[in-house]
Amino acid sequence: MKNIDMLFLDYANDKNLTESEKDIIHFLIQKKLAGETLSIRAAANDLFVSTATIIRLCKKLGFSGYSEFIYNLNLKVTKMLNQEVEYVDSIHQPLVESVVSFKQNYQRTIDSLDETSIEQFLTQINDNKMIYFYGAGFSTVFSSYFAKKLELFGYYVSNTTTSDSRAIFLNNIQKYKLLIAFSRSGETAKVLEKVKIAKDKGVKTILFTGNSKSSTAKISDIVFTVLDPTIESQQEFEVTSYESNMFMLIDLLLLVAIKRGIITEY
């Protein structure tokens, strides 16, 4: 409901006003919301009514006269506009703070990128058109996204999760030369196990993680780290920049590959 309608109902409700009286109230509220305060004579001239008519209406609304009505209207409008500002601030401030934080974390992620790792990554996806993806928990969202992207670019991909048995992984990994794994903590036992198996089979391993010092990161051939604000608290279910920044990092690497001519957009 608009401010003008709320104020109008506040004054006119259950007052048995005529249509002419309703028009007068609506006009005066509209002027006040626009920042104008009219004298009773100016209001009467604009409304084509007498000042006596406006005074009678004000008394009908419970006020001693026009001045008291205008004073009351001014209080209501001021309070309403202040509440609006507070409401907007309650949304704007946390939004701005979150955007700033997300940008800072993304920039820190990009600044920490090792160009040698990017070069090695580009070499691997250039040499291997068959790629095995593996993720655990929420990280399966990232592995699925990356795998689907490369599939659209003509790659043959296999995307599996911790729900697949060790035997299935062993059987499948032998067809590939490149494994791309996702693990936020880098300490998920099943991810660590699969990376070890891949390395034993001579498969190159690329890890995307939030923890560059993790057990999995230490044994992976190439590691890309996205800044994880929960790295100390281990509260992985907090809403942070980690997820969105991981997606941006994936797209950034794909764009570099496209510009290098390694990947062709159809």
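Trainee: In what order do the five strands form the open sheet, and is the pairing parallel or antiparallel?

Mentor: The order is 2-1-3-4-5 and the pairing is parallel. Strands here are DSSP runs (E, at least two residues), as helices are (H or I, at least four), numbered from the N terminus, and two strands pair if DSSP finds at least two bridges between them. This is a predicted model, where local features need pLDDT of at least 70, side-chain atom pairs count only at pLDDT 80 or more, and totals for chains, interfaces and linings use all residues. Residues are numbered from 1 along each chain as its sequence is written, and side-chain values use heavy atoms, with hydrogens and water left out.

Trainee: How do you know that strand 1 and strand 3 pair?

Mentor: Residues 130-135 and 178-183 share four bridges, and at least two are needed, so they pair. One of the partners is Ala181 in strand 3, bridged to Tyr134.

Trainee: Why is the pair of Tyr134 and Phe169 called edge-to-face?

Mentor: Rings of Phe, Tyr and Trp (its six-membered ring) pair if their centres lie within 6.5 Å; planes under 30 degrees apart are stacked, over 60 edge-to-face, the rest tilted. Here the centres are 5.7 Å apart and the planes at 75°, so it's edge-to-face.

Trainee: And what makes Phe121 and Phe146 tilted?

Mentor: Their planes are 35° apart, with 6.3 Å centre to centre, so they pair but fall between the two angle cut-offs.

Trainee: Why is Phe121 called buried?

Mentor: Buried means under 20% relative accessible area, exposed over 50%, partly exposed in between (1.4 Å probe, protein chains only). Phe121 has 0%, so it's buried.
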